[in-house]
Amino acid sequence: MRSKFRMLATGLFLAMVFLISGCSSEQYIVLDPKGPIGESQKDLILISTLLCAVIIVPVLILTAIIVWRYRDRPGRKAAYKPEWEHNTKLEVTWWSIPIVIIIILGAVTVYYTYKLEPSKAIASDKEPITIQVTSMDWKWLFKYPGEDIATVNYVKFPEDTPIRFQLTSDTAMNSFWIPQLGGQLYSMSGMAMTLYLQADEQGSYYGSGANFNGEDFAQMTFTADAVSQEEYDAWVEEVKADAPALTMDGYKELQKPGRSDVQLFSSFPEGLFEQIVTQYVEEGSSGAHSHHGGGAEASTDEEAASDEHASHGAEETEAANASHEGHAGH
Amino acid sequence: MWHKIKDFSSEFFVTGDPLILGAQVSIAITLVAIVFTLTYFKKWRWLWTEWLTTVDHKRIGIMYIIASILMLFRGGVDALLMRVQLAAPQLEFLHADHYNAIFTTHGVIMILFMAMPLMFGLFNIVVPLQIGARDVAFPFLNSLSFWMFFFGAMLFNVSFIIGGSPDAGWLAYPPLSELSGSPGVGQDFYIWGIQISGIGSLATGINFVVTILKMRAPGMKLMQMPMFSWSVLSSCVTIMFAFPILTVTLFLLFLDRYLGAHFFTLDGGGNPMMYINLIWMWGHPEVYIVILPAFGIFSEIVATFSKKKLFGYKSMVFALMSISFFSFFTWAHHFFTMGSGANVNAFFAITTMLIAIPTGVKVFNWLFTMYRGKLSFPTPMLWTIAFIPCFVVGGMTGVLLSVAPADFQFHNSYFLIAHFHQVLIGGVVFGYFAGLYYWWPKMFGFRLHEGLGKWAFWFWNIGFYVCFMPQYALGLMGMTRRFNEYDFDMGWQPLNVVSTVGAFLMGLAFIFQVWQIAHSIKFLKKETSGDAWDGRTLEWSIPSPAPMYNFARTPVVTSQDDWWEKKQRRLRGEAELPEVAAAEKAPLEPIHMPRNSGIPFIMSTCWFVAGFGFVWDWKWMIVLGLAGVIISMLARSFSYNTDYYIPVDEIERTEAAARGAH
């Protein structure tokens, strides 16, 4: 019985190793970032894993040693002290070890939390491109206010340029995630969130909606292509020349629940994004929505940063650039 | 007329799915079989007088455990269906809407109708025995709590065959859970099922806090209480503060759906984000509610099977209480990606990490309880040993998730799924299994077959790692939770197949456990000593199963691990301490006991009727149900014959029969 069992266990283990090694390391897209935000997040993942490992690995080894050494068997040499139940030095030690580790990890976390605040602009000598993203039932609508084009379930932008994604939802909440560029942010109805991302190299990146929003949620994947500036400009020209326009009626068509293929539009109704964001704001109300409805003046996106006094201290100069222009909107 | 009935039933019953049709048929057959068996063996009266009306904490505990094992089966089948779909999405085994319903019910059932009742079952069976009490503080309320849980759970489960299951996720975020997102009745079943059972949970929390504070045996100071009782106290205090939040949140959602209010709607000034905050203010403490008692169980088992005092008792108590406190200040870590800004995220990241400190200390204390101990490894101890590495790793991935900016990459991915299954299975389920194996002889008076138990143990453990380790990798590959299908190009399939194999290994493990129980009942190995594991605490000082009054004489407690100390004194041949000896020699006195009552069962049935009425908006049914509830309350208020005394000669007979066996 025992040997059969061992064979089964070994077989399973080997099968697992085989299958895992069958997947190439490129598939671990979270650990294979192609932009500054994703890079920093990967660094943070590695730092925190290491810090945790400092405490976890010894504990695992200690567990194995103690369980083995103190098992009950005839003629064992290990000591047996049934009344030994307290030792101030030892207890102080293992209160302090996790406290020290958590202080270090906490400091690192706080530093990165401010550094990677999603609405913080990425330092670059290039002007950021704004892309307005709307999650719908069950498709992504991307609008380029600068270029006056729109796409569905497909997004393209030049490499090495900060992209300012403005996220909202025309339906239940979703979460906008392009793992190789950086972490996700919720797209929520009635407000516009800002997420800065940048691709450092050309490539075709997987994007998805990471928060369940109903029946065909799994269909909300899209491709994000980072290309050269020339290629991007050519593509914009091409879309403007060849694709149909997105009309208000066309948008109503998109609102109908259902999946969608990639679509391209040469223009879109002016102020559509602002309209989506502010659709629930009632005349004269000053509720939670109108506060977040900073999206009404969609460029006033830095409310998170300004609310949190991010302009204190070291971040002052960077944040100031990005946030102050929008304050008039509040 | 015929058409009307046909229309009605096609809306009323879930139709058109062969899987559900199969389930409907098998449920009908099972019900008929149960009714037939009860009638054939003339067991209806026995069922009513011995079980349905009982206020005995031990029997209520057993009913909780039976219900939770049934729910484990259903939640487990849900899990296996999902794993089949994810291993081969090309086959379209489950359609999107069906898949969405299944992950919703899997989550609700496993947390609220499996983990919670299994926990309450162990509370009920163990706590009064451990603190030397005759019953809980409010036995009638205890019975009511159980039946409220039971009928709430049934109301939720019935949605599977009648009306359709909820499919907005286990926490039912609006607007998906609003009328706009879920026009069907599934979401109403969700609200009422959880509301009704939630009242039961809250009452249980209060009941055990009072029991532990007021009903300890004379001499038992708080700081001498067994660690499991401490963990129950910390868990129940958390329940008292957390469950009202759940009740209010779901009530507001109900108002939105039923009366057209706008608390959480997109329009009319509502805010769905408020719901997300509120539900997690309950939801996060909830996971500590279920894990804290598991910590208590491990503490008992480690000490017993190391034959050594629990190391760092005061540290352990402090750790339990601080976890219970901090659990209320971490909720926003469930949505760092909501963009609340760096200050909020930094605050909640730090509070979350803080919880790792007392948890880590507990692990060290368990390790140093074993250090210089004399370890033996029967099944309860095996589960405990398996728990430590599993929980340590799961805890570590939890700390990784608490690093807010990194969480932007982990959130809602399979990394998160793997993490919370590792702490909930590796912590809560392993813990409750350990407790179940440990106290089984005390509950039933016979031992479980160790060999089959070990098979189950290994299948559970290997199955667990095979199932969930690949999911960490899948998360790092960008696979998002709640996907019912994915592109083959993503390269996720091989690991998903491995994961599914692991899930089925755990399914096999469950079968081994059922076999183990059946086998042990058939070849009954009576446990007559009352002290199956050479235990340390009071529950092992009385016969197994405990007589209905628990302790013939109220014990007098002089130390922590009182029963162990007493056995040591006997071994050393010392004279018994005078106050203990006096209590033991005192003449038996009639024991004051609560009378059985049918009111909790009837009142909960009425709640079920009212809830069902609310689900379908049948006014006559709502009125009928609520009227029944009020009448039950009045009946209870005016019943004066609620207690009785067990005469001394009956106690003598019972004790002689129980003690005479050895």
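The contact between the chains takes 82 residues from chain B and 86 residues from chain A, where two residues are in contact if their C-beta atoms, placed from the backbone, lie within 7 Å. On the chain B side, several helices each supply at least two residues, including helix 5 (96-130), helix 9 (272-306) and helix 16 (493-522). Helix 11 of chain B gives the largest share, 17 residues. Sorted by class, that side of chain B has 50 nonpolar, 23 polar and 9 charged residues; Ala, Val, Leu, Ile, Met, Phe, Trp, Tyr, Cys and Pro count as nonpolar, Asp, Glu, Lys and Arg as charged, and the others, Gly among them, as polar.

A word on conventions: this is a predicted model, in which local features need pLDDT of at least 70 and side-chain atom pairs count only at pLDDT 80 or more, while totals for chains, interfaces and linings use all residues. Residues are numbered from 1 along each chain as its sequence is written, and chains are lettered from A and ligands numbered from 1 in the order in which they are written.

Now turn to chain A. An unreviewed UniProt entry places "domain: Cytochrome oxidase subunit II copper A binding" at residues 126-238; such positions are given in the numbering used here, feature names are shortened, and annotations may be inferred rather than shown by experiment. Over residues 126-238 chain A is 9% helix and 53% strand. Helices (H or I, at least four residues) and strands (E, at least two) are DSSP runs, numbered from the N terminus.

In chain A, 6 strands form an open, mixed sheet in the order 8-5-1-2-3-11, with strands pairing if DSSP finds at least two bridges between them. Strand 8 (193-197) and strand 11 (263-265) of chain A each have a single partner strand, so one side of each is left without a neighbour in the sheet. Within the sheet, strand 1 (residues 129-136) and strand 5 (residues 163-169) of chain A pair in the parallel sense over 7 bridges. Look there for Gln132(A), which stands opposite Gln166(A) in strand 5 of chain A.
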